[in-house]
Amino acid sequence: MRILKGNPVSRGIALAKVYIYKAFKADVHESYFEAGQEALKFKQFTDALAAAETELDAIVASLSVESPEKAKIFTAHIEILNDEEVAEEVKDMIFSSRAMPDYAVDMVFTEFAILLEKARDPLIAARAADLRDVRNRVLRILKGEKEHNLSNLREKVIVVAHDLLPSDTATLDRAHVMGIVTEVGGATSHTAIIARSYKIPAVLGVSDATEIMKNGEMVILDALKGQVMLEPERATISDYEVKLEEFLKSEKLTAEYLDRIPLVASGERFSVGLNIGTTEPDEGFKYVDFIGLFRTEFLYMESEHMPTEDEQFAAYRKVLANAMGNPVTLRTLDIGGDKSLRYLVLPKEDNPFLGNRALRLCLDMPELFKTQLRAALRASAFGPMQIMFPMVGTIDDIRAAKAAVQEAKAELLAEGIPFDEKINIGIMIEIPSIAMIADFAAEETDFASVGTNDLTQYLHAVDRMNQKIADYYQSSSPAMFRILGKIFEEYNDAGKPVSVCGELAGEPLAAIVLFGLGLRKFSMNASNIAHVKRVLSLFTLAETEEIAENVMNMKTQDEVEAYLKAEVAKREQKLIASAKK
Ligand code: PEP
Ligand code: MG
């Protein structure tokens, strides 16, 4: 048996077959054929078109009942395949220049895609991405490679990939994906966040997984320890079948805390919020007091075009309905960094996480920003909502964002469209520069929520996506707790609500310290709610305060974690002992 190691980012155990997912990368070179083979080469091209159409027909047929919206995308791809102008140009390159079919396809499709990208109408520009998709399909067929796709799997599998793009995870076939293994990605990468919210066990950062693991082989994924076991012996499989059952049992016990009122042992109440990224119902809605983070970018990423104001309005209303009267914190578009939109081509940047991302991008594209703000404001007439801006670095950012809200409000007012005129406006604190002046930020905002995923990245100067330096990404470092303590203190002193919606809020050990530092609003994925409620119920307020004090005087993250684990273990043992009496 061989064991591969990685980061366990979404707890659980899975036993299933491997499905290696490799997004096809076209590797085409300028190449020509000898005279006399024109007809043969042209036939290769038309055969590839026919094979592509057969594949697309099958996809449309399988999606048309459950996901007619997704099916439409592929119907559009069939139309591209049948575009006479494109086919004529490829034919011309094959017959007149004797270009190899793959080279001709690459040249012609890419040329058309570039033309489309230049269109001012975003709907037309969006077609460029479709054209590239179809080009890749035809090129893959010309190269004789099979299709790989995660939206429509036939059996239960553990997906193994170099990395998953948000567009892969957005369309993931949740009924068949039992586990995820990737070669890159840390605990706060989007793959990790999605895996946790879908409750799919995941181990990320497994070096060379796609090379070492074989399609179809049976493996064990231990996403508690961060291990993948290849060629497991019969005895190990039996062991793991028992472990899986025990794990599910303990999850069930913890789950009993799901609908308990969140209290620490001395009786103080805290609030639990939910992080969401879709407009779909989520079982977590039942167990929370607020929606602390609605990541609206997923709406944009799942769409084939820039969502219109009406589409966004309808989506936001749906989320308000799902929230059943609890306030929804709508975070404005956060793209850039590791998140892109297929229909919005942005200039390549050397350091995208330090670049034109999130609020910066929105301020740079006022029309795009205004469309979202108008949609959000219109939805605010239908339920409690607050608006929050990501990637705020300065007071200037806050003022510029608030001015954009004012402008959208003025327009709606003039048009007689209702909205919540007193809507709360807040910020994410995820850049150290704004954390350091949280007192001033509190004066200018109605609330704040701390994005510890990015705050860790920017405080520790560690790319959150770079597996090679994952050890430097320390969200529970003493430095993090010191800066968090300062943010909570400033907002609490100003009497303005402050929450944490980064992954740290859902980590039970860290939650003890956050409570001790004065945090009372924790927003997290549904899968963490019961764990946080249970662990915090073991501590009194005074104990958490003492623990927080001690942690801030520790020197390393390892020291902090060992200490917190021991404090929890002590209390759990006491409980077990008293239950036995
Ligand atoms: C964060 O940075 O902590 C956060 C919640 O935002 P995201 O993970 O979407 O960047
Ligand atoms: Mg962030």
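**View 1. Helices α11 and α13 cross in a right-handed manner.** A crossing is called right-handed if the near helix is turned clockwise from the far one by less than a right angle, and left-handed if anticlockwise. Helices here are DSSP runs (H or I, at least four residues), numbered from the N terminus. In this predicted model, local features need pLDDT of at least 70 and side-chain atom pairs count only at pLDDT 80 or more, while totals for chains, interfaces and linings use all residues. Residues are numbered from 1 along each chain as its sequence is written, chains are lettered from A and ligands numbered from 1 in the order in which they are written, and side-chain values use heavy atoms, without hydrogens and water.

Helix α11 covers residues 309-322 and helix α13 residues 366-379; they pack at about 40 degrees with their axes 8 Å apart. Axes are lines fitted to C-alpha atoms, over the stretch in contact for helices, and angles run from 0 to 180 degrees between N-to-C directions. That angle makes α11 oblique to α13; under 35 degrees counts as roughly parallel, over 145 as roughly antiparallel, 65 to 115 as roughly perpendicular, and the rest as oblique. Among the residues in the contact are Phe313, Tyr316 and Leu320 of α11 and Ala375, Ala376 and Ala379 of α13; contact means heavy atoms within 4.5 Å. Sorted by class, this contact has six nonpolar, three polar and five charged residues.

**View 2. Helices α18 and α19 meet through nonpolar residues.** Look for Phe481, Leu484 and Phe488 in α18, which meet Ala510, Val513 and Leu514 in α19. The contact of α18 with α19 has six nonpolar residues, with no polar and no charged ones. The axes of α18 (residues 478-494) and α19 (residues 508-516) are 10 Å apart, at an angle of about 45 degrees, so the two helices are oblique to each other.

**View 3. Helices α9 and α20 make a left-handed crossing.** The axes of α9 (residues 234-255) and α20 (residues 529-536) come within 8 Å and cross at roughly 65 degrees. α9 is therefore roughly perpendicular to α20. Here Glu251, Thr254 and Ala255 of α9 meet Ala530, His531 and Arg534 of α20.

**View 4. Ligand 1 sits among 17 surrounding residues.** The closest are Arg295, Arg331, Gly451, Asn453 and Arg464; a residue counts if one of its heavy atoms lies within 4 Å. A polar side-chain atom of Arg331 is 2.9 Å from an oxygen atom of the ligand. From the backbone, a polar atom of Asn453 lies 2.8 Å from an oxygen atom of ligand 1, and an N or O atom of Thr452 lies 3.1 Å from one.

Terms used:
Ala, Val, Leu, Ile, Met, Phe, Trp, Tyr, Cys and Pro count as nonpolar, Asp, Glu, Lys and Arg as charged, and the others, Gly among them, as polar. A polar contact is a pair of N or O atoms within 3.5 Å; within protein, one must be able to donate a hydrogen and the other to accept it, and residues adjacent in sequence count only if both atoms are side-chain atoms.
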